[in-house]
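Please look over the fold shown below.

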Amino acid sequence: DAERVSQSLRVAGWRPLGHGPDSACVGEVLVYVHGFNMTVGEGLERLGQFLALGQLPPHIKPLVFSWPTAKVATYAKATRAARAVETGRDLRALLAALADGGVRTVHVLAHSMGAQAFLCHLDEIAPELRMAGLRARVPPTKLSAATPVPPTPGDPSAGADAALREPSRPRGAAPRPLLRLASVTMINPEI
């Protein structure tokens, strides 16, 4: 039986972008969505390789969105993990946290099955994003998270709740600013 683990990271001295002496800085991040059968460490290594080969401007801060594929032995199980409600909920929560932290622009780099993990949750994460013209260019696909994938007997995610929960906001809080989705780059997409 797989057990879902939830962890939070608190950084001493953290302050949202746009506060203090760097207030002219507009937060911009690159979110790397790794592919099939990768641990967080391997995802960080792969992102490091991509960054070493490219020339990312120093104002864009890279980070890894890791979804549960490190111990998945089969393609079918990895597909279910990519499409899982929890993956979409976690991706949306990451984007909401980035917006709350002062980030205003996001780029997505999706490798292999990470493209599926990103694309099949596009409708779920759309409320966090400004995607000028993207909806008109992306036709509905069979990748929608609403498309059920036949469960494997004994798969703990088979009975997962089909509805994504809204990221929590304090009562009376101002609406969260939307992130501008500036680019989506897919490397060897597995979709």
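This report covers the model, the strand pairing and the packing.

## Model and numbering

The model is predicted: local features need pLDDT of at least 70, side-chain atom pairs count only at pLDDT 80 or more, and totals for chains, interfaces and linings use all residues. Residues are numbered from 1 along each chain as its sequence is written, and side-chain values use heavy atoms, with hydrogens and water left out.

## Strand pairing

Helices (H or I, at least four residues) and strands (E, at least two) are DSSP runs, numbered from the N terminus. Two strands pair if DSSP finds at least two bridges between them.

Strand 1 runs parallel to strand 2 (residues 60-65), joined by six bridges. E28 has I60 of strand 2 as its bridge partner. Strand 1 also pairs with strand 3 in the parallel sense, over seven bridges. Here Y32 stands opposite L109.

Strand 3 (residues 103-111) pairs in turn with strand 5 (residues 179-187), parallel, over seven bridges. A110 faces M186 across that pairing. Strand 4 (residues 129-130) is parallel to strand 5, with two bridges. R130 is bridged to R180.

Strand 1, helix 1 (residues 40-53) and strand 2 form a right-handed β-α-β unit. Right-handed means that, with the strands pointing away from the viewer, the path from the first strand over the helix to the second runs clockwise.

## Buried elements

Buried means under 20% relative accessible area (1.4 Å probe, protein chains only). In strand 1, seven of seven residues are buried. G27, V29, V31 and V33 point one way, while E28, L30 and Y32 point the other.

In helix 2 (residues 75-83), the buried residues are A78, T79, R80, A81, A82 and R83. Their cover includes helix 3 (85-100) and helix 4 (113-119).

## Nonpolar cores

A nonpolar core is a set of buried Ala, Val, Leu, Ile, Met, Phe, Trp, Tyr and Cys residues joined through side-chain atoms within 4.5 Å. The largest has 27 residues, and V33, W67, V106, L129 and L179 have the most contacts inside it. Two or more residues each come from strand 1 (27-33), helix 2, helix 3, strand 3, helix 4, helix 5 (122-125) and strand 5. Another core, of seven residues, lies apart from it; L30, M38, L47 and V64 are among its members.

Which residues does L179 contact, leaving aside its neighbours within four places in sequence? Contact means heavy atoms within 4.5 Å. The partners of L179 are L95, L98, A99, V103, R104, T105, V106, E128, L129 and R130.

Conventions
Buried means under 20% relative accessible area, exposed over 50%, partly exposed in between (1.4 Å probe, protein chains only).
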